[in-house]
Amino acid sequence: MFIYIYIYIYIYIYVDIINDSLKRAIFPNQLKFAEVCPIFKKNDFLDKENYRPISILPQMSKVFERLIYKQIDTFMSSKFSDTLCGFRKKHNTQYSLIRMIETWKEDLDKGNTVGVIIMDLSKAFETIKHGLLIAKMKAYGFSKIVLKMLISYLTNRPQRTNINSNYSSWKNTKVGVPQGSILGPLLYNIFINDIFLFISDCSISNYADDNTLFYSAKNIDLVKIKLKEQFLNLTSWFQNNYMVLNPGKCHYLCLGNQTNDIGIDLNGQFVKRSNEEKLLGVIIDEKLNFKSHISSLCSKTSSKINALARISNFISFPQRRLIFKSIINAQFSYCPLIWMFCSRTSNNSLNHIQERALRLTYGDYVNNYENLLELSGEITIHEKNLQFLIFEIFKCVNSLSAPIMENIFKTRTTNYSLRNWQELATQNKKTVKYGLETISYRGPQIWNLVPIHLKEPQSFNAFKRKIKSCWELKCPCRLCKTYIQNLGFIESIN
């Protein structure tokens, strides 16, 4: 009883402090103190540039920031660009990649050449000028009291770091927004949102500090001219906004049949053409077949299977199954819609990895792959990806997804009230590689095969349960057809 009274008094006092601070538009100084913890990112762990400074803030600061966040995010939701995918509700890396790759494949299907410049900002969060951020927020229409609160939030923020329990002295930050805070990512999005207004001919996709510029045309020379022009615009924007473009992390991809293209000159710096680059965690190759990415996935998963094999005799079956579900299967759950329509060779590699994992988990070295799937209640990785695709389409049809995805899957328009009102419009494609084997083409086909009673208005979770238990997956893609060597496909699913 005493504990409940104590909690009630504590909440009452804290609510009173928050309300008083909001009325006076002052963020409490006691909630600004931050312990900076360096988090290793990748490559050489002895290089300080490979660490991300994360601010460890008081818990009460997060509660206070969340209240402010909800109001600012609601006000800015209609003002953010659709292609701004970082740190936003209903947005993720997969959506950003889908928008780019589906656009590239559509252009390649038309016979165009696509030029892509991948850029990375250095210390993007730490270089934001407070005065410029406030000026941008004023231009968006924020009231004076909100601006006063944010000025109070951004200024006089002490921080320190420690090494082996030895602490540095406290220093106030003069620029930047704290990483690890609730408001930091939102303020960063507000700061960078106007970058899309400076790009006219090309397209740009942004996710946090990653910016991808691309353009397509029949002529490779025209592609390079447009990319150079807009790259200069972006460079100028970065300079005017005190942000630093990392020249060593600028990469150039040329998608199409341009075998003689070796690179591009960007503002006096020659950038060689890459065969493949890692973008938002996915390896993008110039042929868009994702062979290297799937090979990397299989290699990483294989090492985890080997680790499981070394301890499998010392753990129980439920523990092995838990490891299979949470660690091995999870390797293939990142951005699966990007690479799901891969080649048969890559798909066979995925099936082989899954078969190895199932044999080790269940200790079954007799049954074939199909029987292993049936006994374990599992489905193939491609069938899981088909489920993910159907789930995403359901969210698009029912306005539960981001606008960037709703533009890919469009409902068939009709003047009549028909039972198939939720069917999606299919598109005409010219090629198999860049046209037929894309989610924008196969997605509507698969969705239109789903029985109407399963597509009735319902919650997303209820729809997922029905799809997993009530409907046998059907897909007209080449991975779902029967193929015999030297004979070809002998069966198709309509």
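**Salt bridges in detail**

A: K249 has a relative accessible area of 35% and is therefore partly exposed; with a 1.4 Å probe and protein chains only, buried means under 20%, exposed over 50%, and partly exposed in between. The model is predicted, so local features need pLDDT of at least 70 and side-chain atom pairs count only at pLDDT 80 or more, while totals for chains, interfaces and linings use all residues. Residues are numbered from 1 along each chain as its sequence is written, and side-chain values use heavy atoms, leaving out hydrogens and water.

The partner of K249 is D120, and the closest N and O atoms of this salt bridge (a side-chain nitrogen of Lys or Arg within 4 Å of a carboxyl oxygen of Asp or Glu) are 3.9 Å apart. The two residues are 129 residues apart: D120 is in strand β3 (residues 113-122), whereas K249 is in the loop between β9 (244-245) and β10 (251-255). Strands are DSSP runs of E with at least two residues, and helices are runs of H or I with at least four, numbered from the N terminus. D120 is buried, because its relative accessible area is 12%.

A second salt bridge joins K224 and D261, at 2.5 Å from N to O. K224 belongs to helix α7 (residues 220-240) and D261 to the loop between β10 and β11 (263-266), so this pair ties together parts 37 residues apart in sequence. K224 is buried at 18% relative accessible area, and D261 is buried at 9%.

E437 and R442 form a further salt bridge, with their closest N and O atoms 2.9 Å apart; both residues are buried. The whole structure holds 14 salt bridges.
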